Amino acid sequence: MAELMRDSTVDDVLQHALELAGSHQAEAMYVGRDAALTRFAGSRIHQNVTESDATLRLRVVDGGRTGVASTNRLDEEGLREVAERAVAMSAQARANPDGAALPGADLGGVDTDRGFSSATAAASPAQRAEGVRAVIAAGEEAVLDASGAFSTETATLAVANSEGLHSRQRTTQAKLLTVMTGPDGASGYAQSTSSEIGGIDPAAVGREAADKAVRSAEATDLPAGTYTVILEEYAVATVIEYLSFSGFSALAVAEGRSFMELGSRVMGDNVSIWDDGADGSGIPSAIDYEGVTKQRVDLVTDGVATGLVHDSATARKEGVAHTGHGLPRPNTFGPLAWNLFMAPGASSKSDMLAGISRGVWVTRFHYVNIVQPRQAVLTGMTKDGTFLIENGQLVRPVRNLRFTQAIPEAFSHITAISSETRLVAAEYSGISARVPAVRIDGFTFTGATAAETGD
Amino acid sequence: MKDLIELALDAAERAGADYADVRFVERLTESLNVKNGALEAASSGRSAGLGIRVLVNGAWGFAGDARMEADAVERLARDAVSIARASGTASGAPVVLDDTPPAVDSYRTPYQEDPFAVPLEEKLKVLFAADEAMARVPGISMREGTMDLARERKIFGSSAGAMIEQELTEAGAGIEVAAVGDGDMQQRSYPNSSGGQHVTGGFEAVRAMALPDHGERIAEEAVALLSAPECPSGEMDIIIDSSQVALQVHESCGHPIELDRVLGMEASFAGTSFLTLDKLDQLQYGSDVVNIDADATAPGGLGTFAYDDEGVPAQNVPIVSSGRFVGYLTSRETAPIIGRQSMGSSRASGWNVIPLIRMTNVSLRPGQAGSLDDLIADTREGLYLATNRSWSIDDRRLNFQFGTQMGWLIKDGRLTQMVRNPTYTGITPRFWGSCDAICGPEAWTLWGVPNCGKGEPMQTHRVGHGAAPARFRNVQVGVRR
């Protein structure tokens, strides 16, 4: 926890900020963060950083007029100043009753260190460097360059409001990722993430990426087209992350930008996706940014759209329960599902390969973006290990391909799902997903990185 | 604050740093958002802290903290040195910085009207007037107006003797509408998508956008797009509007010329670059009408400053000259590797992170094709594409695909038919090689991109791109899924 306060606690800061808001309705949110990251490239550490910060965000509601101010100066003067700014903003703002609702005390009350590891919190630069050296060693063994990052983070989120809600959680996260590269275009990727730094095996991460890189050298062209694909867990997690951005929120549905229609079939009956911040096999998250306890939400059940995530604004507007998926309010993005899970199937990856006469194996995707939100059409490139499958075997690496594909449509044609799942942390969004690998019959690649560039 | 910086530098040297620099940064922000006729958000932010970067035996360490008492700062300096020593256990060849002389100077963004002095009610009036204009058009499902203002005060000091104080002021605003029907959603934005236009400057820039004057037009266009035919598929000549050309420059030129990326330092996250060192001064990047520079001195650019975050003076350097690739964006660490001095593009998004090579204002110079109307009139058949909607490019910055909000078919020098969901795709050098006309200075705009992501931990930075509408021959459009 970022100890910016000398003699006070997070609770004291929150309560004092609410007092300084005067007689107004108010919400105080504290976000403390101690983060460190050791970054390596070309098999050497080239960046090594740490930061410590804590921010108090005060939302003041005065007769439906909302003002928000934040500061990372948490002494008496800083708190007075932020309260003055928030009150002044609300005094000048225009009323918007829909945006003013504060959740009641009954929706919060969490005080937990679940998802916190003292070992992760205490991780030293030397410890991270040791992990990095293990990855580099795995690369050197295969004559590959290793790049990547080993990060550790402790975060405290605490929210209190004038309705009596008070919630706090402290979490940690450790993450190690690497890309191994070598001659002739060799490139492989691996990632491991956990609340507990001891749950990460740097040598194993290095070996996984090195193995993939060695097999991906000397890739050749494959024409764009529609193929049967196997998407490894990294690729599936990215796709589901973007479904969350575009479709799982009640606001996205209300604004007509989501593929989700509650009660309708949106994917194949072998697909179930849910959000659960309490599941310890993910990256646990007990509360949202309104301090509301996170509920499990079954988003897609046996292919049918069964649930959406809500915050105060959407819950109030639609007269339904808050699910604990609010981002710092007010915001125009709406609620977000960030502890995602997809149900495993019964297949091994070798079972999934068998029977594919011609297809493509995808390790991961790069630079995915939403082309058409309503149909959840995504585009992006394959990366770090794309292979041609023939007669149930990986026969050769292929150059990276661009896909442009409506994901609900693709997930309506999943013909095999792995029995094992993997926890994958998104590159920067804060979303984590525990997902299986999948086989899809009919996945559209619309372009390729051609050899014509001389590269 | 300068005393504190001196204290930090002294503590770092005493702890064993061979080189140290310290940045104090305080960033004040104000954001307003009006959505569907209601004030969604009025917020004000302040973040301040100190970042200390050190070299010990040629290895880097960095520590940043919001606590700025003397004892905390001394501890922070020692932490940075400890981290550098840990780096030294796997750091390879020692880092060598170029010999940029230390500067003592100050700079302030010029502006006419302090955006923080304009009353909130006056700012809201602009957004509500634009909202009312958009609301006049039936069939709109969502209306949104945003305004983002910022002031960053920063002081850079180094153990080599630099002490530079800068105050950068930024202003940005924009409006957007969405229309929904028949299972489709269409959006239009003004002056640009992703929050509109952003500059370094004062509130006069927001007033000049005249947001209310454009609300009705973009709303009508969004509704019309719902019933427009789909963009055709095939190879066509295309004219791209200046804001989309700016993003094309950003993704296919701005990123691949970052020398840290070229050297593999971003391989595990943002990717690498097809513009490898052997391409410098050799590769024909585009046609001979293509000239691109990186100009941190351009008035009003979001990448405009007097010194970068390593204390290197702002410069204007050529990147592509008559189509030939001639320059990289560099830092004090990377420039010596290619035998050059840093051209001053090492920037940190805040006090808590290290400077990385970032774009300044990477701009396509205006051509000789006159106005947009002139260029359309000069095109027998093709497609006009306006305002970015989606973007994606591979990890070496070769294979890209963009979608725009709106397209128009061109026939015999006139816009004839609006089309929806337009996309285009290509391979970077081939695409720029197909550029045969660029509009002139009268159609050139210096756009601000406020959301450029790079690095781990990821830094979201503010960069600029000047661009005019341009024509490209035989481009694949209308990508089908």
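Visitor: When do two strands pair, and how many bridges join S2(A) to S3(A)?
Guide: Two strands pair if DSSP finds at least two bridges between them. In this predicted model, S2(A) and S3(A) run antiparallel. The number of bridges that join them is 7.

Visitor: Which residue in S3(A) is the bridge partner of A:Leu56?
Guide: A:Leu56 has its bridge partner in strand S3 of chain A. That partner is A:Thr71.

Visitor: Which residue takes a positive phi in the hairpin of S2(A) and S3(A)?
Guide: The hairpin has 2 residues between the strands. A positive phi near 60° is taken by A:Gly63.

Visitor: How many bridges join S3(A) to strand S2 of chain B, and what stands opposite A:Ala69?
Guide: S3(A) and S2(B), residues 38–56 of chain B, run parallel and are joined by 4 bridges.

Visitor: Are the residues of S3(A) on its two faces buried or exposed?
Guide: In a regular strand the side chains alternate between the two faces of the sheet. In S3(A), A:Arg65, A:Gly67, A:Ala69 and A:Thr71 lie on one side, with A:Thr66, A:Val68 and A:Ser70 on the other. Both faces are covered, and these residues are all buried.

Visitor: Within what arc do the buried residues of H1(A) fall?
Guide: In H1(A), residues 10–20, the buried ones are A:Val10, A:Val13, A:Leu14, A:Ala17, A:Leu18 and A:Leu20. They line one face of the helix, because seen down its axis they fall within an arc of 165°.

Visitor: Which helix is included in what covers the buried residues of H1(A)?
Guide: The cover includes strands S1, S2, S5 and S6 of chain A. It also includes a helix of chain A, residues 76–92: H2.

Terms used. Residues are numbered from 1 along each chain as its sequence is written. Chains are lettered from A and ligands numbered from 1 in the order in which they are written. This is a predicted model: local features need pLDDT of at least 70, side-chain atom pairs count only at pLDDT 80 or more; totals for chains, interfaces and linings use all residues. A residue is buried if 20 or more other C-beta atoms lie within 10 Å of its own, exposed if 12 or fewer, and partly exposed in between; C-beta atoms are placed from the backbone. The arc is that of the directions from the helix axis to the C-beta atoms. Two residues are in contact if their C-beta atoms, placed from the backbone, lie within 7 Å.
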